[in-house]
Every structure is written in structure tokens, then in C-alpha cells.
Amino acid sequence: MLHKRVHQDDVKSKEDDPVYGGRALASSASKYNIPQNEMTPRDAYQLVHDELMLDGNSRLNLATFVTTWIEPEAKQLMSETFDKNMIDKDEYPQTAEIEMRCVNIISDLFHGHTNDQKEACGCSTIGSSEAAMLCGMSMKWNWKKRRVGLGKDTTKPNFVVGSDVQVCWEKFCVYWEIEMRTVNMSQEDGYKFNPNKVVELCDENTIGVLAILGTTYTGEYQDVKALDTLMEEYNTKTGFNIPIHVDAASGGFIAPFLDPELEWDFRLKWVNSINVSGHKFGLVAPGVGWAMWKDWSFLPEELIFHVNYLGGDMPTFALNFSRPGSQVIAQYYNLMRLGFEGYRKIHQACLDVTFYLRDELEKSGIAEPIVKDIKMPLIAFKLKDGLSYDVYQISDKLRYHGWQVPAYTLPKDCKEVAILRVVAKEGFDYDLATLLVKHIKEAIFELEDEGKKAKVISSAPKVC
Ligand SMILES: Cc1ncc(COP(=O)(O)O)c(C=O)c1O
């Protein structure tokens, strides 16, 4: 006897229904309207969980800079604290205290100045993008105050960046109506940022100039020290006082551990603010960044708001109000758990994996790393000329194995150069790297083979 299909609304789910035999999962999930009735937590969990299987495996996501593996203890702390709202500082004073400790520790790593033992100047954010907006705004405000003091026009602010800037800075300029002046990258400069060209674009309306410690495109550490020397000359000559902001979204949690002698931070005279992502090489799960100022004098008081509706006087400088406390807690866990040596060891291990990848790619004879002096655990490479396939095809082939290795072009002035990028994060160990190399070699072999076959077909005599 055939069983008639029962309309789902006619039958209610029962607790003991088998999860895939009950009513709840007998139709597709509602996409546009809230369902009329409840379903059991078990069914709802299974529904959402199953859909998420279609996402890529985050551990094989070599595209992202953001953490994809965290320790079980960090996970536990995060699950214990996701219900604490970061903004409720009066209600959760210890979470607020922990945020302040992180600011102090990060400021110390960046050689920030603490005026007469006061707390360092900085705050947590949801990521580097929010931190960029806050630091950018402080630059704009400081510039405006100076201009108003001089009785000069304040309607045409500009900000000077390299063309390899991350999109957060383009947003910053659009959202806050600032002209973005772009230094082009060129093949002659080795696709690198040329600090000399930055100075050429500055004038009295420049609120600041940007240097990136670890660009999104190639992982290059831009030469902040050279830029600082140039800005010193320029500011002395013009009297403009144009500051440098360092976007250290990635490098800010690497350089202090792997290159402590490298001067890129508040040791430099004109570097007044820095953003860094805690969720990148700070090794926290997504959702935390840090906006840091050299000292309190660079953060305009007018941008700090004071609210009293949570009890007590609460200063706030953020674009968001509510935000979970768990990421800040996890940042502090990492700082305590790993210490300087722990961070150094992890980053060094990831850098060693990157060197292994670079050597293997060079041996393959088809790839050329873009950055020769690799400082970050990231390899960006282009293919040599004259091959019958491109980076996009390699990226596609790697997807068959689950690897997510992005292929993209360099910024608009070098758009003809297409590259692949692998970020070696904690959890992408030597063993996984050997498997990636194996799969890259297989992809090359297959693509060469397909290229040969295509050539044979195209050169075969046409039969009419
Ligand atoms: C150089 C740089 N700046 C800013 C960002 C934005 O960071 P977040 O994702 O933390 O907002 C990124 C992200 O990759 C980046 O690479």
C-alpha cells in the first residue's frame, strides 16, 4: 500500500520523532517569512547545522587572515562569556578591566607612551575596520582643530594611501567625505609601496598618511621607517605636522615577536596611531580588533562620549554600542596563555611552513613569489609567463580537495598581474602543507596535460 504524503501542517512534531522522520525537516526552511509555529530545539539545530555543511571547511580556508583554530580552553571561556555585553562596563567591571589590560599590553608591544603611569590609550573594536574608522576620525579631528586654530578652510581633507590599501580605508574616505589620494604601485617598484611618492601627494589638507604592515595583497611590510624620515623632512619644511597611521591589521601581532628590532610603531616620531586585528595573528576567533594611539594627546577628547544609563560614568569611543565580551576575554587568555615566547613560537612555525611552500613552489619552476623578503606567514605568487593555464584554474583544481586558495589580481595599476595567496595560520601545519604541495603539483600536471590535449585537438586536420 502506498502511503499518502501528509501535509506538514496537519501533524505536529513529537519529542520522540526520529529527527529525519518527523515533520519539522520535511520541507525546506522558510527564507522570507517567520514560520508560524515552533519546532523543537533539536530539529532547529539539525536544520541549521545541516545547511552549514555546505560552507567550506574553515581549516582549509587558506584565503583568510582570520583565526580558524583556537584552543578548547579559549572556546570554553568564550562560551562562558558571550552573554556579557562589552559595553556594560559598570555591570561587568572585570571584563572592562581585562579590556584595559589588553590595551596596556598591546600598547607596550607597540612601544606606546603611558603618561605618568596612566593607562595606555586604546580600545577594543569588532575588528581592524572599526579601528581604522576610529583612528581615521581622530586624524581628521586633529587636523580640523589645527586648521580652525589657524583660521583656515576645513572643507577639503585628504588622506594619502598606497593603491594596495584594504577596502576599510576606501570606506573610511567615502563615509567621512575625505579625498583619498593614491600612490600607485608599479612593476619597476617591484609592486611595492614607494614612500617617496607619498610625500609628493601631501599638502596642507592632508589629515594623515597610511603605511601598511603586512598588505592584504602580498603581505609586504611597507617601509614605515623610511616614510617617517620623509615625513620628518616634509613636516619640518612645511610646518604641517602630518601624522602616519600604521594599518598593522596583520603585522601588528607578528612583528613584535618575530622582528622586535624592526622600527615600525610608536618608536617612530610621526606614527601616532595603529590598528591591529586581534582575530588575525592575535589568534582570537573572529570579532576583535584594537585601535591604539601613541598617547592620550592624539585622541581628541570631543570624540569620547560619556553615558550614565548603565550606572556610573562610562566613557565610550566606538561605532558600535553592544558587543559580546567573549573575544576580548579570549584575547586576554591568549596573552596570558602564550606570553611572548608562545606567540613567537607559533608565528615562527607558521613562517617556517611558508618558507617550505615558497621553496617547493620555486622548485616547481612555474611560480614566482611576489615578495622576496617574506616577513609574514603568507605567500603570494604569480605564474611564470608562457604557461597554458592560469592561477584561476589552479585555484579551481585545489577546490576539488577542499582547499580554498584565492586567485586575484593586484591593485588597479597592476591589474595584469594575477596571483594566488596562501596564509599559513596556526593549525595549518607542516603535514597539511605537504598535502597542499602535493595537490598543487597534481593540479599543474593535470593542467599541463589538458593544455597538451587541447593543442593536439586544435592542430588536428579538419575533416569536412
Ligand atoms: C591590511 C588590512 N587592513 C584592514 C583589514 C580589515 O580587517 P578586519 O577584517 O579586522 O576588519 C584587513 C583584513 O584583511 C587587512 O588585511
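Two strands count as paired if DSSP finds at least two bridges between them, and helices (H or I, at least four residues) and strands (E, at least two) are themselves DSSP runs, numbered from the N terminus. Residues, for their part, are numbered from 1 along each chain as its sequence is written. What I am showing is a predicted model, in which local features need pLDDT of at least 70 and side-chain atom pairs count only at pLDDT 80 or more, while totals for chains, interfaces and linings use all residues.

Let me start with the sheet, which is open and built from seven strands in the order S1-S7-S6-S5-S4-S2-S3, with mixed pairing. Strand S1 (122-125) and strand S3 (179-183) are the edge strands, and because each has a single partner strand, one side of each is left without a neighbour in the sheet. From one strand to the next the twist averages 20 degrees, where axes are lines fitted to C-alpha atoms, for helices over the stretch in contact, and angles run from 0 to 180 degrees between N-to-C directions.

Turning to the helices, H7 (residues 224-238) lies across strands S4 (206-212), S5 (244-247) and S6 (271-277), and runs at about 170 degrees to S5; contact here means that the C-beta atoms of two residues, placed from the backbone, lie within 7 Å. In the loop between H7 and S5 we find Asn-241, which has a positive phi of about 60 degrees although it is not a glycine.

Glu-177, in the loop between helix H5 (167-175) and S3, is likewise not a glycine and has a positive phi of about 50 degrees. How exposed are these two? Glu-177 is exposed, with 10 other C-beta atoms within 10 Å, and Asn-241 is partly exposed, with 13, on a scale where a residue is buried at 20 or more other C-beta atoms within 10 Å of its own, exposed at 12 or fewer, and partly exposed in between, with C-beta atoms placed from the backbone.

Finally, the ligand: which residues are closest to it? Of the 14 that surround it, the closest are Gly-127, Ser-128, Ser-129, Gln-166 and Ala-249, a residue being near if its C-beta atom, placed from the backbone, lies within 6 Å. The shell divides into four nonpolar, nine polar and one charged residue, with Ala, Val, Leu, Ile, Met, Phe, Trp, Tyr, Cys and Pro counted as nonpolar, Asp, Glu, Lys and Arg as charged, and the others, Gly among them, as polar.
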